[in-house]
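The stops below go from one selection to the next.

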Amino acid sequence: MKFTVSREKLQKALSKVGSILGARSMLPLIGNVMIEAKDGKINLTTTDFELRMSTSIEANIIEEGISTAPGRKLISLVNSFSGAEVEFDVNDQEHFKIVCGSGRFKLLGLPADDFPTQDEFAPLREVKLKECDFKRMIGSISYAVGADDSRKALTGILFSMTEENGLSMVATDSKRMAMQECTPESFSGEFGDAIIPLKAMTELRRLLEGDRVLTVNIGEKTCSFVSENFTLSTKLIEGNYPNYRLVIPTSFKQEIKLPVSVFKSKIETVALVLSESSTYVVLDFQENLLSVAASSSEIGEGCDTMEIEYTGEPFSVSFNPVFLSDPLRNVDADTILFKVNDPLNPVAMETGDGFLYVIMPIRKK
């Protein structure tokens, strides 16, 4: 295998696939990048068994072939190069001779024969949507994914297609729930649910950009995300996701519009006086005024206020400040609708663009 390629293009391609390199201690090959030179392009592929990432770039192919190179060493070298072109010459012993500018290097590769193959699957449904929309959806809910491995289904994001609601993406750790709905560009196949691992969604959020269309193919145990610039496939999380719609109150007594940036700032600033033993902030709603307060016996206390449009009965409600501010840091909106019945039952926050966040208040002792 022999080819030359733009250093800048190679650097960008390796940055796409490099983040899911597996640990070589598990199996040497999954610490490598598989490189295939064919039809005027080089195809780069990495995997950690759970995820598989591929991308292609144009290259001057002198001799076609396929091999694997040590991933992290290759990435470090290319990031250090300053020349415009990188030359690769790989012999039958999988030795990579790499030349860029005045630098000459050799990396010891491994045959591609035993590199994990792509799992073939029959898609049950195909969903197409703009990359920027999918990226926004992931960002608006991913912080609410659970971390408890004993409840495996909650460690992923639910990807649900229904006739009534279109595409719904949901994350919950059983203490709060974040949901984002949208109408995709197109849909075909069966309605149904899939639970996608958080790691796959995090990788997608890093890579997605612009108005290009992303194709999501959902199978029984595997799904793939196909972009113009890459293909990412992942195993799905098995199990049943809880019926998240049961936690959404059907009606609310009060609905208060709040400015996102000001509300977030008040919560985060007041929460600075909290300690490990005091973990909640109190929201006190008065006529046209919201007070945010917190106190701890070890550090002190704090309070701040903001003007709001509210004319109902005064009430107070307490929350974990991190849970309360998480959606405010991640939604793409200037205002949020704070919806409440009483200090003991679930409270909802909506932005009007398909985003919904439900959180339980804290019962103070």
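**Cysteines**

A disulfide is counted when two cysteine sulfur atoms lie within 2.5 Å, and the structure holds 0 of them. Cys 132, accordingly, is in no disulfide. Colour the two residues by accessibility. Cys 182, at 16% relative accessibility, counts as buried, while Cys 132, at 29%, counts as partly exposed. Buried stands for under 20% relative accessible area, exposed for over 50%, and partly exposed for values in between, with a 1.4 Å probe and protein chains only.

This is a predicted model, in which local features need pLDDT of at least 70 and side-chain atom pairs count only at pLDDT 80 or more, while totals for chains, interfaces and linings use all residues. Residues are numbered from 1 along each chain as its sequence is written, and side-chain values use heavy atoms, without hydrogens and water.

**The sheet**

Next, show the open sheet of 8 strands, ordered β15-β11-β12-β13-β26-β25-β24-β19 with antiparallel pairing. Strands (E, at least two residues) and helices (H or I, at least four) are DSSP runs numbered from the N terminus; two strands pair if DSSP finds at least two bridges between them. At the edges are β15 (192-197) and β19 (254-259), each with a single partner strand, so one side of each has no neighbour in the sheet. From one strand to the next the twist averages 20°.

Zoom in on β25 (residues 347-350) and β26 (residues 355-359), an antiparallel pair with 4 bridges. Here Glu 350 is opposite Leu 356 of β26.

**Helices across the sheet**

Select residues 198-207, helix α4, which lies across β11 (156-162), β12 (166-172) and β15 and runs at about 80° to β15. Then select residues 321-330: this is helix α6, lying across β13 (176-182), β24 (335-340), β25 and β26, at about 175° to β26. Axes are lines fitted to C-alpha atoms, for helices over the stretch in contact, and angles run from 0 to 180 degrees between N-to-C directions.

**Ser 227**

Ser 227 counts as buried, at 11% relative accessibility. Leaving aside neighbours within four places in sequence, Ser 227 is in contact (heavy atoms within 4.5 Å) with Glu 131, Arg 212 and Leu 214. Display the side chains of Ser 227 and Glu 131: a polar contact of 2.6 Å joins them. Such a contact is a pair of N or O atoms within 3.5 Å; within protein, one must be able to donate a hydrogen and the other to accept it, and residues adjacent in sequence count only if both atoms are side-chain atoms.
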